[in-house]
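User: I'd like to go through this model with you, a few questions at a time. Here it is.

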Amino acid sequence: MSPMEAAVFVVRVLLGGLLLVAGILKVGHPAELAASIAAFRLVPAAVAGPLALGLPYVEILLGAYLLVGLFTRAAAIVSTLQFVAYAAAIASAVLRHIPANCGCFGPGDSAVADWPHVAFDLALAGASAFVAAGAPGAFAVDRRLRRT
């Protein structure tokens with residue numbers, strides 16, 4: 001195993017675990033998540049509800065795919081775009097002085113939109129892009145599938 005494969009593996013597992021936990025903590029709380037999404041005032045109220053229903057499952061799937069290294073490049077690209085979208089939404093709230101809670105880790109998360117949060121989401125986007133570029137990394141199901 002090369003150092004690059006090992007690095008991609010470590011980052012892939014950390015990102016996968018983060019997304020999996022974030023998604024699991026949101027499942028069963030669509031009303032609270034819809035309120036968090038609506039608080040950013042970026043999507044119509046009619047969109048916030050369906051988005052709140054689907055988003056946790058998207059995060060769970062992305063997290064699971066990254067953890068096991070299945071569809072690694074695609075999952076990492078989607079998570080990169082997702083983290084960039086989160087950073088843009090939070091930056092928008094900060095610039096417009098909207099005191100929105102991110103709801104990133106479910107209804108118990110009261111983290112307020114701020115610049116450090118934007119930076120963290122951009123760092124996660126960078127980590128996801130790193131995984132996409134070096135995919136699949138060590139110990140990935142994708143490696144096994146390529147051999148068969």
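User: Is Lys26 buried or exposed?
Analyst: The relative accessibility of Lys26 is 5%. Buried means under 20% relative accessible area, exposed over 50% and partly exposed in between, with a 1.4 Å probe and protein chains only. By that cut-off, Lys26 counts as buried.

User: Good to know! Which atoms and molecules are left out of the side-chain values?
Analyst: This is a predicted model, where local features need pLDDT of at least 70 and side-chain atom pairs count only at pLDDT 80 or more, while totals for chains, interfaces and linings use all residues. Residues are numbered from 1 along each chain as its sequence is written, and side-chain values use heavy atoms, leaving out hydrogens and water.

User: Which residue forms a salt bridge with Lys26?
Analyst: A salt bridge needs a side-chain nitrogen of Lys or Arg within 4 Å of a carboxyl oxygen of Asp or Glu. Here the closest N and O atoms are 2.7 Å apart, and the partner of Lys26 is Glu59. The pair links helix 1 with helix 3 (residues 45–68), 33 residues apart; helices are DSSP runs of H or I with at least four residues, numbered from the N terminus. At a relative accessible area of 1%, the partner is also buried: Glu59.

User: How far apart in sequence are the parts that Arg143 and Glu5 tie together?
Analyst: Arg143 and Glu5 form a salt bridge, with their closest N and O atoms 2.6 Å apart. Arg143 lies in helix 6 (residues 141–147) and Glu5 in helix 1 (residues 3–26), so the parts they tie together are separated in sequence by 138 residues.

User: Which two cysteines form a disulfide?
Analyst: A disulfide is a pair of cysteine sulfur atoms within 2.5 Å, and the count comes to one. With sulfur atoms 2.4 Å apart, they are Cys102 and Cys104.

Notes:
Helix = DSSP H or I, 4+ residues; strand = E, 2+ residues; numbered from the N terminus.
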